[in-house]
Amino acid sequence: MSSEPAPSPVPSPRRDFRLAPFRGLRFEPDVVGDLCTVISPPYDMLDAETVRRLEQANNHNIVRLILSRRFERPYLAVRQRLETWRSASALLPDSGASLYVYEYTADGVTVRGLIGVAALREEAERVILPHEDVMPGPVDDRTVLMRTTRTNLEPILLVHQGSAALRALIAQIVAGAPLAETSALDTSTHRLWSTDDPACLAAIAEALAPSQVLIADGHHRYAAYLRLQHQQRDPAAPPESSPWDFGLAMLVDQDDHPLRVGPIHRSISALTLADLQELCESSGDRLDSSPDRATAVRDWEQGPSTPSEACFLVSDGESWALLRTPHTGGVDASVLHERLLEEWHVTEAQVGYHHSIDQGLHTIRRQPGLFVGVRPPSLAQVMATSAQGRRLPRKSTSFAPKPRMGMVMRDLRDV
């Protein structure tokens, strides 16, 4: 299963983590209307029905920028659309460089984070840690989008353990009136503040410098950032002097407003329960039948998770079972991808990825196969794996709730 080649080692010393201020590009409500009608979930969370609903709500919705249409020459129409929207003042850059605080509440969880431009660091520096593999296709796609538009439309999502001093600084910022405030179409609420105060920015920079941060969401976009830095910056330019040396990012303090780590399940086409039963008999794995979905899900979610055994929820849409197999190290997704799928002779082309059981079942009803429910790793497991320089299989985690795209963007030409 393909992934981006590992980055080349970077000489020491380790550079500090840096989240720099920038001139945000934002929708102008007097032109586009209520902000709730122009923001969107991240591009990889969108299905056809969601896209239709968002575009019907407002023809300025950001989905018209972050998704490619097959009938359009790749992202050239998006570049033209951006220019048109800017000319019409639907999108306007802020007057100066700032750091932003974005707070949102969704599904009963409130998340707050800093939005700025992160100075790019190679993986060997152990400053910005990926935890999942990436696929060349999505990296190529995001690279073309950003190179063509010269815009970061979606921040990647980073998490870290912040300090009391940093939390106090953020509290000072949100004590003022927000720049923007809205309730989205799904009833989630969103607020945005900014600061350009030199003393505050300097204090935040000092507090963040020693941080080690984890990429929670946006591995493909971060890989695209690094590729574009290599392709686009002037090699003779001083370090961190090119706009391509930075990428738009939102940084969340897991000790303050933590994200949840949820599952991402799999569907496997052209594999049946009978096939799986035969494979288990050969390997010695256990496939225990359940009378119905409710019982299977309850036993799977409440059953003990032990270092010696991985457990997967399995269904063909009608029958339900629990697959139990010896744990070979890592998280359950690693057991599935690094051992079971190879033993089952499953190719990457057969595997689909789903954020809910119902999404997975919908897929196997359209294309016969098996749904495989995968337990999520704990945050501690993710951090420990990344700190050791190892990666999980792609789509091993779903940090939630995710921010909405469109609250603030970055045009690399706005300096």
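Select serine 267 to begin: its relative accessible area is 4%, so it is buried (buried means under 20% relative accessible area, exposed over 50%, partly exposed in between, with a 1.4 Å probe and protein chains only). You're looking at a predicted model, where local features need pLDDT of at least 70, side-chain atom pairs count only at pLDDT 80 or more, and totals for chains, interfaces and linings use all residues. Numbering runs from 1 along each chain as its sequence is written, and side-chain values use heavy atoms, with hydrogens and water left out.

Serine 267 sits in strand E14, residues 265-269. Helices (H or I, at least four residues) and strands (E, at least two) are DSSP runs, numbered from the N terminus. Now show what serine 267 touches: leaving aside residues up to four places away in sequence, the contacts are Gln350, Val351, Gly352, His354, Gly360, Thr363, Ile364, Leu370 and Phe371. Contact here means heavy atoms within 4.5 Å.

Next, step along to alanine 270, in the loop between E14 and helix H9 (273-283). Alanine 270 is not a glycine, yet its phi is positive, about 60 degrees. Its relative accessibility is 64%, so alanine 270 counts as exposed.

Now jump to arginine 150. Between serine 267 and arginine 150 there are 36 Å in space, C-alpha to C-alpha, and 117 residues in sequence. Arginine 150 is in the loop between helix H5 (136-149) and strand E7 (151-152). Here too phi is positive, about 50 degrees, in a residue that is not a glycine. With 30% relative accessibility, arginine 150 counts as partly exposed.

For a cis peptide bond, select alanine 400 and proline 401, where omega is about -5 degrees. Proline 401 is in the loop between strand E20 (398-400) and strand E21 (409-411). As background, most residues other than glycine have a negative phi, and most peptide bonds are trans.

Cysteine 36 is buried at 10% relative accessibility, and cysteine 200 is buried at 8%. The structure holds 0 disulfides (pairs of cysteine sulfur atoms within 2.5 Å).

Finally, zoom out. The protein chain has 13 helices and 21 strands. Its radius of gyration is 22 Å, close to the 22 Å from the globule rule for 415 residues, so the chain is as compact as a globular protein of that length; the radius is taken over C-alpha atoms, and the rule is 2.2 Å times the number of residues to the power 0.38. Of the 415 residues, 54% are buried.
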